[in-house]
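Me: Please take a close look at one part of this structure. Start with the whole, then show how that part is placed in it.

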Amino acid sequence: EPRGSHDKDLLFPATWPRDRPAMRLARRTPDAGSGRPPRSRESTGSIARGGCGGIAPHLVQRLADLGVHYVDVSGSDGTSWSAVEGMLSEDSSLGELFKDFGLPTAWILERLVKEKLGKTRVVASGGIRTGVQAVKAIALGAGYVSGARPFLLAALESADAVVETGRKLIQEMRTAMFLIGIGRIEELSNKRDRDPLKRFLP
């Protein structure tokens, strides 16, 4: 079940020390906190991303209604940036207290109605560390998946380790799809009856 607010992701800015570059940027950016969607660029499309605490399903729908092209739900299962920023501040208690705050990635995806999102594509991130988790996210309706931790850990070793991590992830995805009888990603993302898939996937 979700941990914390369904409506706002206020923790991340709250734990930033006021002299941090991100806070200075937020204060200088005219659109910061205005409630307006990001300015669209036809070449790339507009992207909205949560602050690692998850974007509530009804807010994902609202962003879709505003015409945002991609919404990265950034669930709470991933790295807790409130904890990271807390460790960088003089008093880490706030970041420590709210390190588990937010909405889990799968919880968000399960509550989205893909047909109502129009052309908006959902990016699943936050705790995507294996190919099985990537396949499950797509089965739950994500158009894309994104992960960082496995690749960052590999990058500490070598560039070859990063490439091998990507290959391992792809092999895990292929194996998971084979075991649930899916041959192509398109079949997985377009499958209407997702309940059997969710039962077989961790």
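Reply: Among contacts (heavy atoms within 4.5 Å) between residues at least 6 apart in sequence, 61% join residues at least 24 apart. The model is predicted, so local features need pLDDT of at least 70 and side-chain atom pairs count only at pLDDT 80 or more, while totals for chains, interfaces and linings use all residues. Residues are numbered from 1 along each chain as its sequence is written, and side-chain values use heavy atoms, with hydrogens and water left out.

The protein has eleven helices and four strands. These are DSSP runs numbered from the N terminus, with helices being H or I of at least four residues and strands E of at least two. Of the 202 residues, 39% count as buried. Buried means under 20% relative accessible area, exposed over 50%, and partly exposed in between, with a 1.4 Å probe and protein chains only. The accessible surface comes to about 12,500 Å², by the Shrake-Rupley method with a 1.4 Å probe, where only the protein chains shown count as cover for residues. Carbon and sulfur atoms account for 55% of that surface.

S74 sits in the loop between β2 (70–72) and α4 (81–88). Its phi is positive, about 45 degrees, although S74 is not a glycine. Most residues other than glycine have a negative phi. S74 counts as buried because its relative accessibility is 2%.

S125 lies in strand β3 and has a relative accessibility of 4%, so S125 counts as buried too. The two serines meet through polar atoms: the backbone nitrogen of S74 lies 3.5 Å from a polar atom of the side chain of S125. A polar contact is a pair of N or O atoms within 3.5 Å; within protein, one must be able to donate a hydrogen and the other to accept it, and residues adjacent in sequence count only if both atoms are side-chain atoms.

T105 lies in helix α6 and, at 5% relative accessibility, counts as buried.

Leaving aside neighbours within four places in sequence, S125 is in contact with R49, D72, V73, S74, G75, T105 and S146. With the same exclusion, T105 is in contact with V73, G75, S76, D77, A124, S125 and G126.

Just after α3, G67 takes a positive phi of about 95 degrees.

Helix α7 is largely enclosed by the rest of the structure, because seven of its nine residues are buried. Those residues are G131, A134, V135, K136, A137, I138 and A139. Just after α7, G141 has a positive phi of about 120 degrees.

In helix α9, the buried residues are A161, T165, G166, M173, A176 and M177. Seen down the axis they fall within an arc of 155 degrees, so they line one face of the helix. On the other side of α9, D160, R167, K168, R174, F178 and L179 are exposed.

Methods. The arc is that of the directions from the helix axis to the C-beta atoms.
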